[in-house]
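Me: I would like to learn how to read helix packing and a chain interface. Please take me through a case.

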Amino acid sequence: MTKLVEWLVGVTAVLVSWAVVSFDLLDLSLPEAYREVALPMPLYLLVSFGCYSLATVGYRVATFNDCEDAAKELQGQIKEAKEDLRKKGLKF
Amino acid sequence: AGNELYAAHVSSCLCFERISLIFLQRLVLKQFSLFCNYCENNCVSVFSPSSSQSLSSESWFLWKQSEGDFDLVSGTRYKGDGGVYGWDLRRKLISRGANFLTQVLLRPGASDLTGSFRLYKRPVLETLVSRCVSKGYVFQMEMIVRARQLSYSVGEVPISFVDRVYGESKLGGNEIVSFVKGLITLFATT
């Protein structure tokens with residue numbers, strides 16, 4: 001099963017159960033409260049997911065490590081390499 | 001000149017019988033020889049030459065591999081004390097955003113798919129390369145996704161990614177478009 005198919009199956013399952021509850025498709029005669037809660041669910045879920053995404057990406061960008069040490073180390077190694085090669089006669 | 005001169009790179013080539021590196025720095029060589037024996041020449045490291053990484057960190061990859069007998073060890077910029085240097089906010093945002101999208105859509109079991117430092121067991125590398133169909137750096141993503149598909153074990157090592165000192169780093173509109181295309185292809189086919 002590809003990821004696409006997994007998603008389609010999942011989304012279909014959610015939508016079908018939502019439709020059944022909200023529009024009383026199977027004549028289940030559920031209490032009114034269930035219908036009221038279920039009706040705006042897809043929109044709520046989308047908005048929640050949007051907020052979660054923004055919060056997660058924002059947090060991760062804020063905590064993205066900056067490695068000063070690695071950069072210094074690299075500069076040092078470049079210098080050493082240049083010196084070494086210069087000694088061996090290579091011209092830059 | 002610059003990074004390509006001094007740093008040890010193994011460009012993604014299958015034909016290496018063992019980890020072979022071009023050494024130009026004696027001090028790096030000393031650290032590495034300790035681990036060569038340990039690994040028994042059964043692993044191949046794949047380093048993309050677009051980034052610079054001190055050779056000493058390769059020893060971390062080997063150590064990690066032996067620690068859990070992983071089929072694949074991947075360098076990650078996003079976990080542990082991995083990180084970047086010299087990235088502005090825009091670049092960090094794009095990187096994290098793209099990675100988040102990838103995680104949601106592909107659930108790959110690894111935190112960094114576009115990082116360029118990996119260590120593979122030789123037979124694993126051969127199998128994966130024979131199955132991959134994409135080109136460019138989407139190929140890197142596909143390797144890990146296929147590895148997950150084939151139930152290979154993946155270990156992770158934090159890496160520090162320092163921008164290249166000479167030359168231009170590429171992150172233009174084209175790159176983003178090809179990334180999205182690659183992502184959708186992987187989403188639909190794996």
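Me: At what angle do helix H3 of chain A and helix H4 of chain B pack?

Reply: Axes are lines fitted to C-alpha atoms, for helices over the stretch in contact, and angles run from 0 to 180 degrees between N-to-C directions. Helices are DSSP runs (H or I, at least four residues), numbered from the N terminus. Here H3 (residues 41-62) of chain A and H4 (residues 89-106) of chain B pack at about 130°, their axes 9 Å apart. H3(A) and H4(B) are therefore oblique (under 35 degrees is roughly parallel, over 145 roughly antiparallel, 65 to 115 roughly perpendicular, the rest oblique). The model is predicted: local features need pLDDT of at least 70, side-chain atom pairs count only at pLDDT 80 or more, and totals for chains, interfaces and linings use all residues. Residues are numbered from 1 along each chain as its sequence is written, chains are lettered from A and ligands numbered from 1 in the order written, and side-chain values use heavy atoms, without hydrogens and water.

Me: Which residues make the contact of H3(A) with H4(B)?

Reply: Contact means heavy atoms within 4.5 Å. Among them are Phe49(A), Tyr52(A) and Arg60(A) of H3(A), with Leu93(B), Arg96(B) and Phe100(B) of H4(B).

Me: How much area is buried between chain A and chain B?

Reply: The size of an interface is often given as the accessible area lost when the parts come together. Buried area uses a 1.4 Å probe and is summed over both parts. Between chain A and chain B it is about 3100 Å², 65% of it from carbon and sulfur atoms. The contact takes 30 residues from chain A and 42 residues from chain B.

Me: How many salt bridges cross this interface?

Reply: A salt bridge is a side-chain nitrogen of Lys or Arg within 4 Å of a carboxyl oxygen of Asp or Glu. The rule finds 2 between chain A and chain B. Glu6(A) and Arg107(B) meet in a salt bridge at 2.7 Å, N to O.

Note on methods. Helix = DSSP H or I, 4+ residues; strand = E, 2+ residues; numbered from the N terminus. Buried area = accessible area lost by both parts, 1.4 Å probe.
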